[in-house]
Amino acid sequence: MEQILRNRRAIVLLVGPALLVYSGVVLLPIVWSLVYTFFEGNVIGGFHFVGLQNYRQLLSDAAFWQALVFTLKYAVTVTAGQILLGLLLALLYVFYLRRASALVRTLVFFPVVLPTVAVAQLFAKIFAIAPQYGLVNAGLALLHLDGWIQAWLGQGSTAFWVLALMDIWRAMGFYAVLLYAGLVEIPAELIEAARVDGASGLRLVWHVILPLLLPILLSALIFSINGTLKVFDSILALTGGGPGQATTPLTLYMFNTAFSYGQYGYGSTLAMALAVLSLIVTIMIFGSARRDVA
Amino acid sequence: MMRSDVAARSSRPAPAPVFTRVARWSPRSRSQRQPRRRRLSWLWRLPVRLLLLLLLTIEIYPLIWLLLSSFKEDAEFSLRPLWALPAGLHWQNYVEAWTTGNIGLYFLNSVLTVFPALALILALSVPAGFALEVMRWRGRNLVLLLFLAGIMVPLQILLLPLFTIYFHLDLIDTRWALIITYTGFGLPLTVFLMAGYFKAIPRELLEAAILDGAGLVQLFLRVAVPLVSNGLVTVALVQFFFLWNDLLFSLTFISNDQLRTIQTGLLNFTGQYGQVAWGPTFAAVSLAVFPTLLLYLLLNQRVIKGLTAGALKG
């Protein structure tokens with residue numbers, strides 16, 4: 001038996017191809033990208049070494065800081081919305097709908113699987129102002145709230161909220177299911193015991209359920225913030241980063257730098273900044289959680 | 001955090017219940033319900049019911065609106081309220097989207113890149129998962145960790161080196177660029193999940209098969225793979241949704257309109273008609289949305305399970 005399971009040639013044949021493709025498409029490019037941050041140029045014009053210049057440029061680039069601030073603001077807003085609404089939904093499923101919740105769970109979950117571009121097209125029409133009013137503006141007109149009618153996607157401030165709304169709409173059902181799975185695993189006896197001790201309602205949720213849910217809440221938080229820091233599809237498809245630069249996140253800025261302006265070195269530096277940002281945020285969440293638990 | 005709270009509660013007088021409903025934790029305690037509560041609960045139910053109605057409206061109405069709008073003639077959008085039912089079934093929108101709007105072509109392109117990639121991902125990751133969980137060798141954990149590292153990497157980091165590689169291999173603007181990228185990008189999560197499924201097979205079962213004289217090939221194909229076939233379908237579904245909805249890679253590696261996938265095609269759809277022709281645009285969006293939705297409705301529990309498993313592992 002040992003012989004069969006320790007067959008070296010078989011192991012290489014089984015795991016080798018996957019490892020090879022994975023290394024070529026994912027691991028090698030990561031290292032390669034790091035190397036690019038010290039170069040300038042592109043595939044057509046060739047590359048030359050510039051040392052730390054890309055990093056110096058990063059620090060003094062106003063567009064980078066603007067994109068960074070937008071990314072953080074967006075990630076915090078959308079993550080808060082996704083997790084909070086997801087949690088409320090999960091509580092609703094468990095405490096109110098209980099066994100009847102399967103249908104609602106399925107329905108609220110489904111936007112997750114829809115193509116982002118399609119959803120963005122749909123939202124663009126819902127919030128449209130020209131050539132004709134979309135659902136929202138038409139609804140406002142119906143209610144005679146003419147002062148509220150506006151180009152929702154044409155101004156940075158409202159475009160931000162439409163984008164946030166769309167991404168929260170898309171993902172809250174996903175987090176609801178994630179947290180629901182955590183909630184049903186809390187032993188009923190624990191909740192009963194807390195109830196007997198007089199905890200109920202918000203206090204029960206805050207003091208008993210949330211602490212018990214903490215591990216899964218953290219996973220959800222990390223997953224959500226990592227997703228929203230890397231937001232690209234929804235923004236490209238809904239606003240294209242505009243008006244002007246107003247809704248351009250780091251990912252889109254990186255994409256434009258690399259492919260519209262052919263600056264591979266600086267583009268790689270921006271991608272690296274994004275990777276480091278995600279890493280720092282993830283570690284920070286882990287760190288604060290550990291302090292909290294201890 | 002909760003250490004003292006529960007204990008402290010017991011010494012205090014019980015606070016008035018805020019949410020009576022919440023206090024009823026599990027279906028099991030239903031039998032303990034008191035008649036007084038039942039009367040109260042109707043009042044409590046009303047706002048929650050309304051909330052639920054609002055929630056379902058927010059979730060579903062946009063799609064109903066999309067479907068209804070896709071059957072409207074252009075004049076209807078400006079002449080009648082947006083929420084009005086279509087005057088008739090204007091199939092012309094679909095014909096226009098499918099043919100002149102090229103959605104048919106984009107659909108085909110998506111199928112021709114996503115399914116080969118899906119097949120490759122499974123062909124590579126099932127043996128790899130088997131080797132990582134069932135076989136015994138040093139460095140197993142290291143390799144597993146290596147695969148794990150790829151799950152969280154921002155795609156943006158991969159773009160420029162991959163573009164350079166494909167550029168030199170003359171693969172830009174070919175389906176191969178997408179198939180290769182999709183495969184490599186889909187591997188880490190799939191390998192990781194497959195390894196998990198193989199791990200769940202009782203060790204004794206595999207040992208018994210070996211004692212009965214099964215060789216490695218038989219052990220893998222006849223015993224192990226059939227046992228994880230359920231998981232296999234789940235992972236395939238998850239990867240299908242990821243790849244089918246990909247925008248970034250297809251945007252980067254494909255600029256030839258004839259090779260565009262459904263997402264990039266849809267992205268440029270507005271440009272083609274300007275913003276005037278709402279009907280065909282709605283039809284195109286419907287064509288992109290409803291097949292995915294149908295797949296989801298058929299297999300929803302599996303999809304939900306698969307996608308959330310991916311999140312927790314990640």
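At 0% relative accessibility, Ile191(A) counts as buried, where buried means under 20% relative accessible area, exposed over 50% and partly exposed in between, with a 1.4 Å probe and protein chains only. Ile191(A) belongs to helix H9 (residues 188-196) of chain A; helices (H or I, at least four residues) and strands (E, at least two) are DSSP runs, numbered from the N terminus. Between Ile191(A) and Ile209(A) there are 18 residues of separation in sequence and 7.8 Å in space, C-alpha to C-alpha.

The model is predicted: local features need pLDDT of at least 70, side-chain atom pairs count only at pLDDT 80 or more, and totals for chains, interfaces and linings use all residues. Residues are numbered from 1 along each chain as its sequence is written, chains are lettered from A and ligands numbered from 1 in the order in which they are written, and side-chain values use heavy atoms, with hydrogens and water left out.

**The two chains**

Chain A has 13 helices and two strands, and 57% of its 294 residues are buried. Chain B has 17 helices and zero strands, and 51% of its 314 residues are buried. A contact is a pair with heavy atoms within 4.5 Å. Of the contacts in chain A with a separation of 6 or more, 67% join residues 24 or more positions apart; the corresponding share in chain B is 73%.

Helix H6 (residues 116-126) of chain A is largely enclosed by the rest of the structure, because eleven of its eleven residues are buried. Among the buried residues of H6(A) are Gln121(A) and Lys125(A), along with Val117(A), Leu122(A), Phe123(A) and Ile126(A).

**Aromatic pairs and a charge over a ring**

Over all chains, the structure holds 42 aromatic pairs. Rings of Phe, Tyr and Trp (its six-membered ring) pair if their centres lie within 6.5 Å; planes under 30 degrees apart count as stacked, over 60 as edge-to-face and the rest as tilted. One of these pairs is formed by Phe109(A) and Phe174(A), which is tilted, at 6.0 Å centre to centre and 35° between the planes. Because Phe109(A) lies in helix H5 (residues 101-109) of chain A and Phe174(A) in helix H8 (residues 156-184) of chain A, the pair ties together parts that are 65 residues apart in sequence. Phe109(A) is buried at 0% relative accessibility, and Phe174(A) is buried at 6%.

In chain B, the ring centres of Phe130(B) and Phe198(B) are 5.5 Å apart with the planes at 75°, so the pair is edge-to-face. Phe130(B) lies in helix H6 (residues 103-133) of chain B and Phe198(B) in helix H9 (residues 175-199) of chain B, so this pair ties together parts that are 68 residues apart in sequence. Both Phe130(B) and Phe198(B) are buried.

The charged end of Lys73(A) sits over the ring of Phe160(A), at 4.6 Å from the ring centre; the criterion is NZ of Lys or CZ of Arg within 6 Å of the ring centre and within 35 degrees of the ring normal.

**Cavities**

A search of the whole structure finds two cavities of 30 Å³ or more. A cavity is a set of points, on a 1 Å grid over the protein atoms alone, where a 1.4 Å probe fits but cannot get out, and lining residues have an atom within 4 Å of a point. A volume is the space filled by probe spheres set on the points, which are joined across faces, edges and corners.

| Cavity | Volume |
|---|---|
| Largest cavity | about 1400 Å³ |
| Second largest cavity | about 30 Å³ |

The largest cavity is lined by 49 residues, and Arg170(A), Phe223(A), Gly227(A), Phe185(B) and Phe242(B) lie nearest its centre. Its lining comprises 30 nonpolar, 14 polar and five charged residues, where Ala, Val, Leu, Ile, Met, Phe, Trp, Tyr, Cys and Pro count as nonpolar, Asp, Glu, Lys and Arg as charged, and the others, Gly among them, as polar.

The lining of the second largest cavity includes Ser110(B), Tyr182(B), Trp244(B), Asp246(B) and Gln263(B). H6(B) gives the most to this lining, with three residues, and the lining as a whole divides into four nonpolar, four polar and one charged.

**Positive phi in chain B**

Most residues other than glycine have a negative phi. Asn102(B) has a positive phi, near 70°, and is placed in the loop between helix H5 (92-98) and H6 of chain B. Asn102(B) is buried, with a relative accessible area of 18%. Asp173(B) also has a positive phi, near 65°, and its place is in the loop between helix H8 (155-168) and H9 of chain B. Asp173(B) counts as partly exposed, at 26% relative accessibility.

Terms used. 1 Å grid on protein atoms, 1.4 Å probe; cavity = no way out; pocket = protein on both sides within 12 Å on 5 of 7 lines; lining within 4 Å.
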